[in-house]
Amino acid sequence: MIKVSLRPILSKINLPTVLKTTILPGDSIERLFIATQTGEIFYIVNGVIGTFLDIRPHIIKLGASGRGYDERGLIGLAFHPEFYYNGLFYLHYSVAGTQGPGALPESFTPDPCVLRTLNLKWINREIQYDHIDTVEEWILQSNGQLQKRRILLNLRRPFFNHNGVNSLNFSPETGKLILTTGDGGSGYDPFNLSQDDMEIAGKIIEIDVAKNTFINNPPVVTRFNELPTSIQETLTVIAKGVRNISGISFQWFYNQYIKYVGNVGQDLVESIFSFVHYKAIPVTQLIHASVMKSKPDQAGFINFGWRGWEGAFPASIIRDCSANPTLNEKTIAYYNEAVKTSVRRLQPLISYFHKDPRPDKFGGTALTGVQPYMGNEIPDLTGSVVFTDLARDDKSLPPVRGVLAYTRVRTDCNLNDFSVIETDYNFGSQSAFYVSLGTNLDQTRLYLGVYGSMKVTDFNQGTVFEIVPSASPNAPGG
C-alpha cells in the first residue's frame with residue numbers, strides 16, 4: 001500500500017479545473033497556474049499568490065436552472081511550448097450570453113425496443129443547443145498586458161455537460177495544440193456524435209497554431225465541413241469514440257511517448273486508454289471522403305469505441321425486473337454499434353467499476369485526471385500513472401471522499417489492475433471531491449484539486465494540494 005501526504009498550497013478558491021506549471025518570459029522560476037471553472041487563473045511562486053487573468057464576465061452563467069452542478073465554464077488552459085519566448089497561451093471556455101434551450105426537451109435513455117431512441121438526429125442546431133464554447137489564443141505582451149489575439153474555434157454544444165475538462169494540452173511530439181471534446185452531453189450520446197467523422201464532438205483534435213488563420217469571427221459550428229477552408233487546413237483528428245475525457249497526457253518511456261486518456265464512463269466503468277502509435281487524419285481528408293461518400297483510410301486511427309462500448313464493456317442500460325429488483329440486469333444499449341466497433345476500437349489499459357466489492361479497491365464515480373509520475377520523491381510511484389476519481393462510491397460513509405490511485409504500463413495489451421493510494425490528510429466533516437490532477441513540466445511533482453461541494457454555485461470551497469511523500473509511514477488513511 002502506497003501512502004502519501006497532501007500539502008495544501010492554496011485554499012478557499014473556486015472549482016480548480018486545470019493545474020499546470022510554466023516559466024514566465026524573463027523569469028527563471030517555474031510557477032504553478034490554477035484555472036478555476038468560474039474564470040479565474042491564479043499563479044503561485046515562492047508561496048505568493050497572484051492573479052494572472054480573470055475572465056469571469058466572459059463565462060456563461062454557471063449553475064443556471066437551479067441545477068447548481070455544471071460542466072461548463074473555463075475548462076481548458078495551455079501554454080505554448082515556446083511561451084517563454086512568444087508569450088502565447090490558449091483558453092477553452094463556455095461563452096457568456098450563449099445559453100440556449102438544449103437539443104432535447106427531456107433527459108435521454110435509449111430503449112433497445114424502441115427504434116426511434118436508437119436513431120435520434122440533432123436537428124434545428126441553430127436554435128436547439130445549450131451553449132457555445134470557444135477556443136482562443138491569447139498573448140502575454142512584453143509590457144505585461146494580456147490580450148486576446150484570435151479565436152481558433154467557436155463550437156455549438158447540444159447539452160450542458162461533456163465539454164471536456166483540462167481540454168487543452170500541447171503535444172511534445174508534434175508541437176500542436178490538442179483539443180479534447182466530449183460527446184456533447186446528456187447521457188448515452190443520443191445523436192451518436194462521437195462516431196460520426198464529420199462531428200467535432202467526441203474527438204481528440206490537433207490544431208496547428210503555427211498556421212495563421214486570422215478570421216475575426218469564425219462561424220459557430222458543430223461539424224468540420226461547416227468550417228472555413230483555412231481553419232479546416234489547421235486541423236487533424238487523432239481519435240474518435242470519446243465520451244468525456246480529462247485531457248491527454250504524455251510519458252517519455254523507452255525512447256517514445258506513451259499517450260494516456262481517461263474516458264469518463266456512463267453507468268458501469270471508468271477507463272484509461274494508452275497508445276504510442278497513431279495516425280492522425282487531416283480534416284480536409286475526412287471532408288473529402290464524406291463528399292465522395294467513401295470511407296477514409298482509418299488504419300492506425302484511434303477509436304475508443306463509445307457509444308457502442310464503455311471502456312472494455314458494451315454500453316449497457318439497466319433492464320428493470322419490477323417483480324424482483326434484485327434480478328435487474330444489464331442489457332446492451334446499442335447492440336449493432338457494439339458489434340460494428342468491436343474490432344476497430346482500442347482496448348483500455350484499465351477499466352475500473354462503479355461497484356467493486358474487493359476490500360482493497362473502490363467503486364468509482366467519474367475519472368477526473370490522469371498523469372504519469374516520473375519523480376523520485378515517492379519512489380514506489382516512479383514511472384507509474386496516477387489517476388483521480390471524483391468521489392468514492394460509498395453511500396455508507398458520508399462525507400464524500402475522492403480517490404487517488406495508480407496503475408502501470410503493460411506491454412502485453414491485457415487489461416491492467418490498479419491500486420489505491422492512501423492519503424493522511426484529515427478533511428474533517430467537509431466533503432472532498434477530487435476534481436483535477438496536474439503535474440509540473442518534467443512530471444516530478446503532482447498537484448491535486450479538491451472541491452467541497454458538487455455545486456459550482458457554492459463558491460470558494462476549493463483547495464489545491466501538492467502530493468508529497470507520507471509524513472508518517474503509519475499515518476491513517478484520509
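Isoleucine 332 is partly exposed, because its relative accessibility is 31%. Partly exposed here lies between buried, under 20% relative accessible area, and exposed, over 50%, with a 1.4 Å probe and protein chains only. This residue sits in strand 23, residues 329-332. Strands are DSSP runs of E, at least two residues; helices are runs of H or I, at least four; both are numbered from the N terminus.

A word on the source. This is a predicted model, where local features need pLDDT of at least 70 and side-chain atom pairs pLDDT 80 or more, while totals for chains, interfaces and linings use all residues. Residues are numbered from 1 along each chain as its sequence is written, and side-chain values use heavy atoms, leaving out hydrogens and water.

Back to the surface. Which residues form a nonpolar patch with Ile332? Tyr335 and Val339 do, and together the three have about 280 Å² of accessible area. Patch members have over 30% relative accessible area and no salt bridge; nonpolar side chains (Val, Leu, Ile, Met, Phe, Trp, Tyr) are joined within 5 Å, like charges within 9 Å. Areas come from the Shrake-Rupley method with a 1.4 Å probe, and for residues only the protein chains shown count as cover.

Now the whole chain. It has five helices and 31 strands. The radius of gyration is 21 Å, close to the 23 Å of the globule rule for 478 residues, so the chain is as compact as a globular protein of that length. That radius is taken over C-alpha atoms, and the rule is 2.2 Å times the number of residues to the power 0.38. The C-alpha trace spans about 65 × 60 × 50 Å along its principal axes. Buried residues make up 58% of the 478.

Next, aromatics. The structure holds 28 aromatic pairs. Rings of Phe, Tyr and Trp (its six-membered ring) pair if their centres lie within 6.5 Å; planes under 30 degrees apart are stacked, over 60 edge-to-face, the rest tilted. One cluster takes in Phe33, Tyr43, Phe52, Phe79, Phe83, Phe89 and Trp138.

Two arginines lie over ring faces. Arginine 307 is 3.8 Å from the ring centre of tyrosine 334. Arginine 345 is 3.5 Å from that of tryptophan 309. The criterion is NZ of Lys or CZ of Arg within 6 Å of the ring centre and within 35 degrees of the ring normal. Look again at arginine 307. A cis peptide bond joins it to tryptophan 306, with omega about 20°. Arginine 307 is in the loop between strand 19 (302-303) and strand 20 (309-310).

Salt bridges: the count is 21. Each needs a side-chain nitrogen of Lys or Arg within 4 Å of a carboxyl oxygen of Asp or Glu. Arginine 223 and aspartate 196 meet at 3.5 Å, N to O. This pair links distant parts of the chain, 27 residues apart. Aspartate 196 is partly exposed, at 29%. Arginine 358 bridges to aspartate 356 at 2.9 Å, N to O. Is aspartate 356 buried or exposed? Buried, because its relative accessible area is 16%. Shared partners also join Arg125, Asp196, Glu199 and Arg223 into one network.

Last, backbone. Glutamine 443 has a positive phi, near 60°, and is not a glycine. Glutamine 443 lies between strand 29 (433-439) and strand 30 (446-451), in a loop. This glutamine is buried, with 12% relative accessible area. Asparagine 460 also has a positive phi, about 60°. Asparagine 460 is partly exposed, at 43%.
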